[in-house]
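Subject: Handover of a structure and notes on its contents

Dear colleague,

Please find the structure below.

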Amino acid sequence: MAGGAEVRALRYQRASQDKKEQGKSVGDQGKINLAEITKRSWTDAGSFTDNHRSASRHATREREQFELLIERIRSGKGDVLVIWEISRRERDLAVYVKIRDMCTEVGLNFWLVGGVLFDLRDKNDRMMLGFQAVQAEWLADSIRDNVLRGVVGAAEAGRPHGKVTYGYRRIYDQRTKALVRQEPDTEIRTAVAADGTVTEYSHAGVVRDNFTKVAAGVPLITIEDELNAKGIPSPQGSTWRRGIIRKHVMNPAYIGKRVFRGEVIGDGIWPALVDEDLYWACVRLLEDPSRTTTRAGRAVHLLSYIVRCGVCGSPVSSHQVSRHGWEGRVYSCLRRRCAAVKAEFLDEYVQRVVVAWLSLPETGEMLSALSGGDEQAAHARAEAARLRAELEDWRKLGEEGEVSAIAYARAEKGLSAQIAEHEARAQEAGIPPVLRGMIGEHAARKWAELGDEVAVKREIIRTVADIKLLQAGKGTRQPFGAHRLEWAWRFGPEVEENAA
(Lines give C-alpha, C1' and ligand atoms only; values in the text may rest on other atoms or scores of the structure.)
Protein backbone atom coordinates (compact mmCIF):
# COMPACT_ATOMS: atom_id res chain seq x y z
CA MET A 1 0.00 0.00 0.00
CA ALA A 2 3.05 2.21 -0.31
CA GLY A 3 2.45 2.61 -4.03
CA GLY A 4 1.22 6.18 -3.63
CA ALA A 5 -0.70 7.50 -6.62
CA GLU A 6 -0.77 4.03 -8.21
CA VAL A 7 -3.19 2.87 -5.49
CA ARG A 8 -6.78 3.28 -6.67
CA ALA A 9 -9.07 4.09 -3.74
CA LEU A 10 -12.85 3.71 -3.95
CA ARG A 11 -14.78 5.54 -1.23
CA TYR A 12 -18.38 5.05 -0.13
CA GLN A 13 -20.63 7.23 2.05
CA ARG A 14 -24.16 6.44 3.30
CA ALA A 15 -26.74 7.77 5.78
CA SER A 16 -30.03 6.09 6.74
CA GLN A 17 -31.96 9.31 7.35
CA ASP A 18 -31.59 12.87 6.16
CA LYS A 19 -34.89 14.48 7.09
CA LYS A 20 -33.64 17.98 6.31
CA GLU A 21 -32.19 16.76 3.00
CA GLN A 22 -28.95 18.60 3.65
CA GLY A 23 -26.66 15.61 3.11
CA LYS A 24 -24.69 16.69 6.17
CA SER A 25 -23.80 13.22 7.42
CA VAL A 26 -22.69 11.86 4.06
CA GLY A 27 -20.90 15.14 3.38
CA ASP A 28 -18.84 14.77 6.55
CA GLN A 29 -18.11 11.13 5.73
CA GLY A 30 -16.95 12.13 2.26
CA LYS A 31 -14.54 14.73 3.65
CA ILE A 32 -13.07 12.25 6.17
CA ASN A 33 -12.67 9.53 3.54
CA LEU A 34 -11.05 11.95 1.08
CA ALA A 35 -8.70 13.20 3.80
CA GLU A 36 -7.56 9.61 4.48
CA ILE A 37 -6.89 9.08 0.77
CA THR A 38 -4.99 12.35 0.45
CA LYS A 39 -2.88 11.64 3.53
CA ARG A 40 -1.67 8.40 1.95
CA SER A 41 -1.15 10.01 -1.51
CA TRP A 42 -3.56 7.51 -3.08
CA THR A 43 -5.64 8.20 -6.20
CA ASP A 44 -9.33 8.98 -5.64
CA ALA A 45 -10.73 6.47 -8.14
CA GLY A 46 -14.39 7.10 -7.44
CA SER A 47 -16.80 8.38 -4.84
CA PHE A 48 -20.21 6.73 -4.26
CA THR A 49 -22.86 8.24 -1.99
CA ASP A 50 -26.32 7.00 -0.93
CA ASN A 51 -28.16 9.58 1.15
CA HIS A 52 -31.35 8.73 3.06
CA ARG A 53 -30.85 5.00 2.38
CA SER A 54 -30.82 2.15 4.88
CA ALA A 55 -28.26 -0.64 4.63
CA SER A 56 -30.06 -3.16 6.83
CA ARG A 57 -31.82 -6.30 5.63
CA HIS A 58 -35.13 -4.54 6.39
CA ALA A 59 -34.43 -1.76 3.88
CA THR A 60 -37.19 -1.01 1.35
CA ARG A 61 -35.34 1.38 -0.97
CA GLU A 62 -32.59 0.51 -3.41
CA ARG A 63 -29.09 1.94 -2.95
CA GLU A 64 -28.26 2.93 -6.51
CA GLN A 65 -24.74 4.21 -5.78
CA PHE A 66 -23.88 1.10 -3.78
CA GLU A 67 -24.77 -1.06 -6.77
CA LEU A 68 -22.48 1.08 -8.95
CA LEU A 69 -19.69 0.62 -6.39
CA ILE A 70 -20.12 -3.17 -6.56
CA GLU A 71 -19.88 -3.06 -10.36
CA ARG A 72 -16.68 -1.02 -10.07
CA ILE A 73 -15.19 -3.54 -7.62
CA ARG A 74 -16.27 -6.49 -9.77
CA SER A 75 -14.57 -4.97 -12.81
CA GLY A 76 -11.25 -4.79 -10.88
CA LYS A 77 -10.93 -1.00 -10.97
CA GLY A 78 -9.97 -0.55 -7.32
CA ASP A 79 -7.21 -1.51 -4.90
CA VAL A 80 -8.65 -0.31 -1.59
CA LEU A 81 -12.14 0.37 -0.28
CA VAL A 82 -12.40 3.44 1.98
CA ILE A 83 -15.37 3.78 4.36
CA TRP A 84 -15.93 5.66 7.59
CA GLU A 85 -17.28 2.67 9.51
CA ILE A 86 -18.49 -0.81 8.57
CA SER A 87 -22.16 0.07 9.19
CA ARG A 88 -21.94 2.75 6.48
CA ARG A 89 -21.28 0.05 3.93
CA GLU A 90 -23.47 -2.84 4.99
CA ARG A 91 -25.64 -3.88 7.96
CA ASP A 92 -26.72 -7.20 6.48
CA LEU A 93 -24.25 -9.91 7.51
CA ALA A 94 -24.99 -12.15 4.51
CA VAL A 95 -24.34 -9.30 2.08
CA TYR A 96 -21.14 -8.40 3.93
CA VAL A 97 -19.79 -11.94 3.46
CA LYS A 98 -20.74 -11.88 -0.22
CA ILE A 99 -18.97 -8.55 -0.84
CA ARG A 100 -15.92 -9.63 1.18
CA ASP A 101 -15.54 -12.80 -0.89
CA MET A 102 -16.01 -10.87 -4.14
CA CYS A 103 -13.27 -8.39 -3.15
CA THR A 104 -10.93 -11.29 -2.39
CA GLU A 105 -11.64 -12.88 -5.78
CA VAL A 106 -10.84 -9.69 -7.77
CA GLY A 107 -7.80 -8.81 -5.67
CA LEU A 108 -9.20 -5.83 -3.74
CA ASN A 109 -7.69 -7.04 -0.50
CA PHE A 110 -7.52 -3.83 1.50
CA TRP A 111 -10.29 -2.00 3.35
CA LEU A 112 -9.64 1.29 5.14
CA VAL A 113 -12.29 1.57 7.85
CA GLY A 114 -12.23 4.66 10.06
CA GLY A 115 -8.53 5.21 9.35
CA VAL A 116 -7.57 1.61 10.19
CA LEU A 117 -6.27 -0.56 7.34
CA PHE A 118 -7.49 -4.18 7.11
CA ASP A 119 -6.03 -6.90 4.89
CA LEU A 120 -8.62 -9.50 3.82
CA ARG A 121 -5.83 -12.04 3.42
CA ASP A 122 -5.08 -11.87 7.14
CA LYS A 123 -7.31 -14.11 9.30
CA ASN A 124 -7.15 -11.70 12.25
CA ASP A 125 -8.21 -8.76 10.09
CA ARG A 126 -11.07 -10.82 8.62
CA MET A 127 -12.14 -11.70 12.17
CA MET A 128 -12.17 -8.05 13.24
CA LEU A 129 -14.15 -6.98 10.15
CA GLY A 130 -16.57 -9.84 10.71
CA PHE A 131 -17.05 -8.78 14.32
CA GLN A 132 -17.84 -5.23 13.20
CA ALA A 133 -20.30 -6.57 10.60
CA VAL A 134 -22.09 -8.71 13.22
CA GLN A 135 -22.22 -5.71 15.55
CA ALA A 136 -23.62 -3.48 12.75
CA GLU A 137 -26.39 -5.99 11.95
CA TRP A 138 -27.24 -6.36 15.64
CA LEU A 139 -27.43 -2.57 15.98
CA ALA A 140 -29.70 -2.29 12.92
CA ASP A 141 -32.03 -4.97 14.30
CA SER A 142 -32.09 -3.29 17.71
CA ILE A 143 -32.96 0.08 16.19
CA ARG A 144 -35.73 -1.50 14.13
CA ASP A 145 -37.16 -3.34 17.17
CA ASN A 146 -37.16 -0.13 19.20
CA VAL A 147 -38.83 1.80 16.41
CA LEU A 148 -41.49 -0.89 15.93
CA ARG A 149 -42.06 -1.01 19.67
CA GLY A 150 -42.63 2.74 19.65
CA VAL A 151 -44.92 2.53 16.62
CA VAL A 152 -47.01 -0.26 18.13
CA GLY A 153 -47.20 1.59 21.44
CA ALA A 154 -48.32 4.77 19.69
CA ALA A 155 -50.91 2.80 17.73
CA GLU A 156 -52.34 1.13 20.82
CA ALA A 157 -52.52 4.51 22.56
CA GLY A 158 -54.30 6.02 19.55
CA ARG A 159 -51.52 8.51 18.83
CA PRO A 160 -50.95 9.54 15.20
CA HIS A 161 -47.87 8.34 13.37
CA GLY A 162 -46.08 9.33 10.19
CA LYS A 163 -47.12 12.20 7.97
CA VAL A 164 -49.93 14.46 9.09
CA THR A 165 -53.22 13.41 7.51
CA TYR A 166 -54.48 16.08 5.10
CA GLY A 167 -57.15 18.12 6.87
CA TYR A 168 -55.39 18.01 10.24
CA ARG A 169 -52.47 19.77 11.90
CA ARG A 170 -50.33 18.80 14.87
CA ILE A 171 -49.53 20.98 17.85
CA TYR A 172 -46.21 20.32 19.63
CA ASP A 173 -44.85 21.50 22.95
CA GLN A 174 -42.39 24.29 22.18
CA ARG A 175 -39.96 23.17 24.87
CA THR A 176 -40.07 19.35 24.74
CA LYS A 177 -41.24 19.00 21.11
CA ALA A 178 -43.69 16.34 22.31
CA LEU A 179 -47.03 16.01 20.53
CA VAL A 180 -49.75 17.89 22.39
CA ARG A 181 -52.70 17.20 20.08
CA GLN A 182 -53.86 16.71 16.52
CA GLU A 183 -56.75 18.92 15.44
CA PRO A 184 -58.66 19.89 12.27
CA ASP A 185 -56.72 22.32 10.10
CA THR A 186 -59.21 25.16 9.72
CA GLU A 187 -56.67 27.79 8.69
CA ILE A 188 -58.14 29.89 5.87
CA ARG A 189 -56.04 29.84 2.71
CA THR A 190 -56.55 31.38 -0.72
CA ALA A 191 -56.33 29.77 -4.13
CA VAL A 192 -56.25 31.58 -7.46
CA ALA A 193 -57.81 29.97 -10.53
CA ALA A 194 -56.48 30.33 -14.05
CA ASP A 195 -59.05 33.07 -14.75
CA GLY A 196 -57.97 35.01 -11.66
CA THR A 197 -60.89 33.95 -9.45
CA VAL A 198 -59.87 33.81 -5.78
CA THR A 199 -61.25 31.04 -3.56
CA GLU A 200 -60.92 30.84 0.21
CA TYR A 201 -60.64 27.34 1.64
CA SER A 202 -59.26 25.27 4.48
CA HIS A 203 -57.82 21.78 4.38
CA ALA A 204 -60.49 20.51 6.77
CA GLY A 205 -63.18 22.15 4.64
CA VAL A 206 -61.89 20.49 1.47
CA VAL A 207 -62.05 17.08 3.15
CA ARG A 208 -65.61 17.62 4.38
CA ASP A 209 -66.73 18.89 0.95
CA ASN A 210 -65.23 15.83 -0.75
CA PHE A 211 -67.11 13.48 1.57
CA THR A 212 -70.39 15.34 1.07
CA LYS A 213 -70.05 15.31 -2.71
CA VAL A 214 -69.09 11.65 -2.94
CA ALA A 215 -72.06 10.66 -0.75
CA ALA A 216 -74.33 12.73 -3.00
CA GLY A 217 -73.19 10.72 -6.02
CA VAL A 218 -70.89 13.30 -7.57
CA PRO A 219 -68.23 11.35 -9.53
CA LEU A 220 -64.62 11.57 -8.43
CA ILE A 221 -63.58 13.01 -11.80
CA THR A 222 -66.04 15.87 -11.31
CA ILE A 223 -64.67 16.65 -7.84
CA GLU A 224 -61.13 16.49 -9.25
CA ASP A 225 -61.99 18.95 -12.02
CA GLU A 226 -63.67 21.37 -9.60
CA LEU A 227 -60.72 21.45 -7.20
CA ASN A 228 -58.20 21.90 -10.01
CA ALA A 229 -60.32 24.58 -11.67
CA LYS A 230 -60.30 26.59 -8.43
CA GLY A 231 -56.52 26.24 -8.19
CA ILE A 232 -56.65 24.45 -4.81
CA PRO A 233 -53.44 22.41 -4.50
CA SER A 234 -53.49 18.72 -3.62
CA PRO A 235 -51.80 17.42 -0.45
CA GLN A 236 -48.61 17.03 -2.50
CA GLY A 237 -48.87 20.63 -3.66
CA SER A 238 -49.74 19.67 -7.23
CA THR A 239 -52.98 18.88 -9.07
CA TRP A 240 -55.71 16.64 -7.67
CA ARG A 241 -56.29 13.14 -9.02
CA ARG A 242 -59.22 10.79 -8.52
CA GLY A 243 -56.95 8.33 -6.71
CA ILE A 244 -56.04 10.96 -4.11
CA ILE A 245 -59.69 11.81 -3.45
CA ARG A 246 -60.68 8.15 -3.25
CA LYS A 247 -57.84 7.43 -0.82
CA HIS A 248 -58.98 10.30 1.40
CA VAL A 249 -62.62 9.29 1.44
CA MET A 250 -61.69 5.68 2.29
CA ASN A 251 -59.39 6.72 5.18
CA PRO A 252 -60.82 5.83 8.65
CA ALA A 253 -58.62 8.53 10.19
CA TYR A 254 -61.31 11.04 9.21
CA ILE A 255 -63.76 9.43 11.66
CA GLY A 256 -61.12 9.48 14.39
CA LYS A 257 -59.93 5.89 13.99
CA ARG A 258 -56.31 4.71 14.37
CA VAL A 259 -55.10 2.44 11.59
CA PHE A 260 -52.12 0.10 12.02
CA ARG A 261 -50.84 -2.05 9.16
CA GLY A 262 -54.02 -1.49 7.19
CA GLU A 263 -56.45 -2.34 9.99
CA VAL A 264 -58.48 -0.16 12.36
CA ILE A 265 -57.29 -0.98 15.88
CA GLY A 266 -59.22 1.59 17.89
CA ASP A 267 -60.02 5.24 18.41
CA GLY A 268 -57.43 7.94 17.77
CA ILE A 269 -56.76 10.84 20.09
CA TRP A 270 -57.92 13.34 17.46
CA PRO A 271 -61.50 14.46 16.68
CA ALA A 272 -63.36 13.17 13.64
CA LEU A 273 -63.72 15.47 10.62
CA VAL A 274 -66.89 13.74 9.38
CA ASP A 275 -69.51 11.62 11.11
CA GLU A 276 -69.47 7.83 10.74
CA ASP A 277 -72.72 7.66 8.76
CA LEU A 278 -71.30 9.90 6.06
CA TYR A 279 -68.00 8.01 6.00
CA TRP A 280 -69.55 4.56 5.64
CA ALA A 281 -71.99 5.85 3.05
CA CYS A 282 -69.03 6.96 0.92
CA VAL A 283 -67.17 3.69 1.46
CA ARG A 284 -70.18 1.61 0.40
CA LEU A 285 -70.66 3.74 -2.68
CA LEU A 286 -67.02 3.62 -3.78
CA GLU A 287 -66.77 -0.14 -3.16
CA ASP A 288 -69.83 -0.81 -5.30
CA PRO A 289 -68.48 -2.92 -8.21
CA SER A 290 -71.09 -1.50 -10.61
CA ARG A 291 -69.23 1.83 -10.57
CA THR A 292 -66.39 0.30 -12.58
CA THR A 293 -68.57 -0.44 -15.59
CA THR A 294 -69.05 3.14 -16.72
CA ARG A 295 -67.36 6.52 -16.49
CA ALA A 296 -70.25 8.61 -15.22
CA GLY A 297 -68.15 11.65 -14.54
CA ARG A 298 -67.42 12.16 -18.22
CA ALA A 299 -70.88 11.15 -19.47
CA VAL A 300 -72.95 13.77 -21.25
CA HIS A 301 -76.01 11.69 -22.09
CA LEU A 302 -78.30 10.37 -19.38
CA LEU A 303 -78.54 6.69 -20.30
CA SER A 304 -75.57 5.87 -22.52
CA TYR A 305 -73.72 2.78 -21.23
CA ILE A 306 -76.30 2.31 -18.46
CA VAL A 307 -79.15 0.85 -20.53
CA ARG A 308 -78.17 -2.35 -22.33
CA CYS A 309 -79.42 -4.02 -25.48
CA GLY A 310 -82.09 -6.65 -24.79
CA VAL A 311 -80.94 -8.69 -27.78
CA CYS A 312 -77.14 -8.97 -27.54
CA GLY A 313 -76.49 -7.49 -24.09
CA SER A 314 -74.08 -4.76 -25.22
CA PRO A 315 -74.50 -1.21 -23.88
CA VAL A 316 -76.43 1.40 -25.83
CA SER A 317 -74.72 4.60 -26.87
CA SER A 318 -75.97 7.97 -28.02
CA HIS A 319 -75.29 9.40 -31.46
CA GLN A 320 -76.71 11.98 -33.83
CA VAL A 321 -78.65 10.79 -36.90
CA SER A 322 -80.31 12.39 -39.89
CA ARG A 323 -82.80 10.12 -41.63
CA HIS A 324 -86.02 10.49 -43.65
CA GLY A 325 -86.24 14.19 -42.97
CA TRP A 326 -85.75 13.74 -39.23
CA GLU A 327 -82.61 14.80 -37.42
CA GLY A 328 -81.85 14.19 -33.77
CA ARG A 329 -80.16 12.03 -31.17
CA VAL A 330 -80.88 8.33 -30.65
CA TYR A 331 -79.79 5.56 -28.34
CA SER A 332 -78.80 2.39 -30.17
CA CYS A 333 -77.03 -0.90 -29.49
CA LEU A 334 -73.29 -0.26 -29.62
CA ARG A 335 -72.33 -3.63 -31.08
CA ARG A 336 -74.83 -4.48 -33.85
CA ARG A 337 -77.50 -1.77 -33.72
CA CYS A 338 -80.02 -4.43 -32.68
CA ALA A 339 -82.36 -1.90 -31.08
CA ALA A 340 -82.69 1.88 -31.24
CA VAL A 341 -84.97 4.60 -29.91
CA LYS A 342 -85.14 8.38 -29.94
CA ALA A 343 -83.15 9.65 -26.98
CA GLU A 344 -85.82 12.09 -25.84
CA PHE A 345 -88.37 9.26 -25.54
CA LEU A 346 -86.12 6.98 -23.47
CA ASP A 347 -84.78 9.80 -21.27
CA GLU A 348 -88.27 11.06 -20.44
CA TYR A 349 -89.75 7.61 -19.80
CA VAL A 350 -86.93 6.35 -17.56
CA GLN A 351 -86.86 9.52 -15.48
CA ARG A 352 -90.63 9.43 -14.93
CA VAL A 353 -90.56 5.78 -13.82
CA VAL A 354 -87.56 6.27 -11.50
CA VAL A 355 -89.10 9.36 -9.87
CA ALA A 356 -92.40 7.49 -9.41
CA TRP A 357 -90.51 4.64 -7.71
CA LEU A 358 -88.66 7.07 -5.43
CA SER A 359 -92.00 8.66 -4.49
CA LEU A 360 -93.60 5.42 -3.27
CA PRO A 361 -93.95 5.08 0.53
CA GLU A 362 -93.03 1.39 0.15
CA THR A 363 -89.61 2.31 -1.25
CA GLY A 364 -88.34 4.00 1.88
CA GLU A 365 -89.83 1.29 4.12
CA MET A 366 -88.24 -1.50 2.06
CA LEU A 367 -84.77 0.09 1.98
CA SER A 368 -84.90 0.67 5.72
CA ALA A 369 -85.84 -2.98 6.25
CA LEU A 370 -82.83 -4.04 4.17
CA SER A 371 -80.55 -2.38 6.73
CA GLY A 372 -81.44 -5.01 9.35
CA GLY A 373 -77.94 -6.51 9.36
CA ASP A 374 -76.08 -3.30 8.69
CA GLU A 375 -73.56 -2.49 11.43
CA GLN A 376 -74.30 1.23 11.37
CA ALA A 377 -78.07 0.69 11.46
CA ALA A 378 -77.76 -1.80 14.33
CA HIS A 379 -75.59 0.61 16.27
CA ALA A 380 -78.07 3.46 15.75
CA ARG A 381 -81.02 1.31 16.81
CA ALA A 382 -79.15 0.14 19.91
CA GLU A 383 -78.31 3.71 20.85
CA ALA A 384 -81.94 4.76 20.36
CA ALA A 385 -83.05 1.89 22.63
CA ARG A 386 -80.53 2.91 25.30
CA LEU A 387 -81.77 6.50 25.22
CA ARG A 388 -85.41 5.38 25.50
CA ALA A 389 -84.47 3.36 28.58
CA GLU A 390 -82.75 6.42 30.04
CA LEU A 391 -85.82 8.51 29.32
CA GLU A 392 -87.98 5.91 31.10
CA ASP A 393 -85.69 6.17 34.16
CA TRP A 394 -86.20 9.94 34.16
CA ARG A 395 -89.97 9.44 33.97
CA LYS A 396 -89.92 7.13 37.00
CA LEU A 397 -87.79 9.59 38.96
CA GLY A 398 -90.26 12.31 38.07
CA GLU A 399 -93.22 10.26 39.25
CA GLU A 400 -91.46 9.47 42.52
CA GLY A 401 -90.56 13.12 43.07
CA GLU A 402 -86.82 12.50 42.92
CA VAL A 403 -86.38 15.20 40.26
CA SER A 404 -88.26 18.42 39.62
CA ALA A 405 -90.73 18.81 36.80
CA ILE A 406 -88.44 21.35 35.12
CA ALA A 407 -85.45 18.94 35.25
CA TYR A 408 -87.59 16.14 33.83
CA ALA A 409 -88.91 18.37 31.04
CA ARG A 410 -85.41 19.39 30.04
CA ALA A 411 -84.20 15.79 30.08
CA GLU A 412 -87.19 14.63 28.06
CA LYS A 413 -86.63 17.31 25.42
CA GLY A 414 -82.94 16.50 24.99
CA LEU A 415 -83.34 12.73 25.03
CA SER A 416 -86.31 12.77 22.66
CA ALA A 417 -84.30 14.78 20.13
CA GLN A 418 -81.41 12.32 20.39
CA ILE A 419 -83.75 9.34 20.00
CA ALA A 420 -85.28 10.85 16.89
CA GLU A 421 -81.82 11.50 15.45
CA HIS A 422 -80.64 7.91 15.98
CA GLU A 423 -83.88 6.46 14.63
CA ALA A 424 -83.46 8.57 11.50
CA ARG A 425 -79.88 7.31 11.16
CA ALA A 426 -81.06 3.72 11.51
CA GLN A 427 -83.68 4.27 8.84
CA GLU A 428 -81.22 5.82 6.42
CA ALA A 429 -78.34 3.41 7.07
CA GLY A 430 -79.62 0.84 4.55
CA ILE A 431 -80.39 3.43 1.90
CA PRO A 432 -77.69 3.85 -0.76
CA PRO A 433 -76.02 7.23 -0.16
CA VAL A 434 -76.93 8.63 -3.55
CA LEU A 435 -80.64 8.10 -2.75
CA ARG A 436 -80.64 9.82 0.62
CA GLY A 437 -82.89 12.82 0.62
CA MET A 438 -84.42 11.71 -2.71
CA ILE A 439 -87.06 9.28 -1.37
CA GLY A 440 -90.60 10.24 -0.47
CA GLU A 441 -93.31 12.63 -1.59
CA HIS A 442 -90.72 15.29 -2.44
CA ALA A 443 -88.86 13.03 -4.94
CA ALA A 444 -90.13 14.88 -8.04
CA ARG A 445 -89.05 18.24 -6.65
CA LYS A 446 -85.62 16.91 -5.62
CA TRP A 447 -85.13 15.40 -9.07
CA ALA A 448 -86.02 18.68 -10.73
CA GLU A 449 -83.53 20.49 -8.48
CA LEU A 450 -80.74 18.32 -9.88
CA GLY A 451 -81.14 20.20 -13.14
CA ASP A 452 -78.17 19.49 -15.40
CA GLU A 453 -76.40 17.25 -12.88
CA VAL A 454 -76.35 14.37 -15.37
CA ALA A 455 -73.70 12.44 -13.43
CA VAL A 456 -75.81 12.32 -10.25
CA LYS A 457 -78.95 11.32 -12.16
CA ARG A 458 -77.01 8.52 -13.87
CA GLU A 459 -75.75 7.28 -10.52
CA ILE A 460 -79.30 7.15 -9.15
CA ILE A 461 -80.68 5.31 -12.18
CA ARG A 462 -77.83 2.80 -12.18
CA THR A 463 -78.32 2.22 -8.45
CA VAL A 464 -82.04 1.44 -8.58
CA ALA A 465 -82.65 -0.41 -11.85
CA ASP A 466 -81.34 -2.71 -14.58
CA ILE A 467 -82.81 -1.59 -17.90
CA LYS A 468 -82.64 -3.29 -21.29
CA LEU A 469 -83.87 -1.81 -24.58
CA LEU A 470 -85.93 -4.18 -26.76
CA GLN A 471 -86.51 -4.10 -30.50
CA ALA A 472 -89.57 -2.35 -31.88
CA GLY A 473 -92.06 -4.71 -33.49
CA LYS A 474 -91.91 -4.77 -37.29
CA GLY A 475 -94.66 -2.77 -38.94
CA THR A 476 -95.99 -1.43 -35.64
CA ARG A 477 -96.42 2.26 -34.95
CA GLN A 478 -97.20 1.78 -31.27
CA PRO A 479 -95.93 4.71 -29.18
CA PHE A 480 -92.85 4.13 -27.05
CA GLY A 481 -93.69 2.57 -23.69
CA ALA A 482 -93.09 -0.28 -21.26
CA HIS A 483 -93.24 -2.90 -24.06
CA ARG A 484 -89.89 -1.61 -25.37
CA LEU A 485 -88.05 -2.16 -22.08
CA GLU A 486 -87.04 -5.08 -19.92
CA TRP A 487 -87.03 -3.46 -16.50
CA ALA A 488 -85.79 -4.96 -13.22
CA TRP A 489 -85.61 -3.09 -9.93
CA ARG A 490 -82.55 -3.80 -7.82
CA PHE A 491 -84.51 -3.64 -4.56
CA GLY A 492 -87.34 -6.11 -4.02
CA PRO A 493 -89.97 -7.67 -6.31
CA GLU A 494 -92.91 -6.34 -4.29
CA VAL A 495 -91.92 -2.76 -5.00
CA GLU A 496 -91.38 -3.64 -8.65
CA GLU A 497 -94.97 -4.83 -8.90
CA ASN A 498 -96.35 -1.66 -7.28
CA ALA A 499 -94.26 0.64 -9.47
CA ALA A 500 -95.05 -1.11 -12.74
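A residue is called buried if its relative accessible area is under 20%, exposed if that area is over 50%, and partly exposed in between, using a 1.4 Å probe and protein chains only. By this rule Phe 211 is buried, because its relative accessible area is 0%. Of the 500 residues of the chain, 42% count as buried.

Please note that this is a predicted model, in which local features need pLDDT of at least 70, side-chain atom pairs count only at pLDDT 80 or more, and totals for chains, interfaces and linings use all residues. Residues are numbered from 1 along each chain as its sequence is written, and side-chain values use heavy atoms, with hydrogens and water left out.

Confidence and overall make-up

The predictor's confidence in each residue is given as pLDDT, on a scale from 0 to 100. The chain has a mean pLDDT of 80, with 81% of its residues at 70 or more. Residues 17-24 stay under 50 in pLDDT, and the model gives this stretch seven contacts (heavy atoms within 4.5 Å) beyond four places in sequence. Residues 292-296 are also below 50, with nine contacts in the model beyond near neighbours in sequence.

Helices (H or I, at least four residues) and strands (E, at least two) are DSSP runs, numbered from the N terminus. The chain has 16 helices and 17 strands. Taking contacts between residues at least 6 apart in sequence, 61% join residues at least 24 apart.

Aromatic rings

Rings of Phe, Tyr and Trp (its six-membered ring) pair if their centres lie within 6.5 Å; planes under 30 degrees apart count as stacked, over 60 as edge-to-face and the rest as tilted. Nine aromatic pairs are found in the whole structure. In one of them, the ring centres of Phe 211 and Tyr 279 are 6.3 Å apart and the planes lie at 45°, so the pair is tilted. Phe 211 belongs to helix α6 (residues 203-215) and Tyr 279 to helix α9 (residues 276-286), so that distant parts of the chain, 68 residues apart, are linked. Tyr 279 is buried, as its relative accessible area is 3%.

How are the planes of Tyr 349 and Phe 480 arranged? They stand at 90° with ring centres 5.7 Å apart, and the pair is therefore edge-to-face. Here helix α10 (residues 343-359), which holds Tyr 349, is linked to the loop between β16 (465-469) and β17 (485-489), which holds Phe 480, 131 residues apart. Tyr 349 is partly exposed, with a relative accessible area of 23%.

Ring pairs also join Tyr 168, Phe 211, Tyr 254, Tyr 279 and Trp 280 into a cluster.

Nonpolar cores

A nonpolar core is a set of buried Ala, Val, Leu, Ile, Met, Phe, Trp, Tyr and Cys residues joined through side-chain atoms within 4.5 Å. The largest one has 68 residues, and within it Leu 358 and Ile 460 touch the most other members. Helix α10 supplies the largest share of this core, eight residues. Leaving aside residues up to four places away in sequence, Ile 460 touches Val 354, Leu 358, Val 434, Leu 435, Met 438, Trp 447 and Leu 450. A second, separate core has 22 residues, including Ile 73, Leu 81, Phe 118 and Ala 136.

A hairpin and positive phi values

Two strands pair if DSSP finds at least two bridges between them. Strands β13 (residues 316-323) and β14 (residues 326-333) pair in the antiparallel sense over eight bridges. Val 321 has Gly 328 in β14 as its bridge partner. Two residues lie between the strands of this hairpin, and His 324 takes a positive phi near 50°.

Most residues other than glycine have a negative phi. Ser 41, which is not a glycine, has a positive phi of about 60°. Its place is in the loop between α1 (24-39) and β2 (43-50), and at 46% relative accessibility Ser 41 is partly exposed. Lys 177 also has a positive phi, near 65°. Lys 177 is found in the loop between β6 (168-172) and β7 (179-184) and is exposed, with a relative accessible area of 59%.

Yours sincerely
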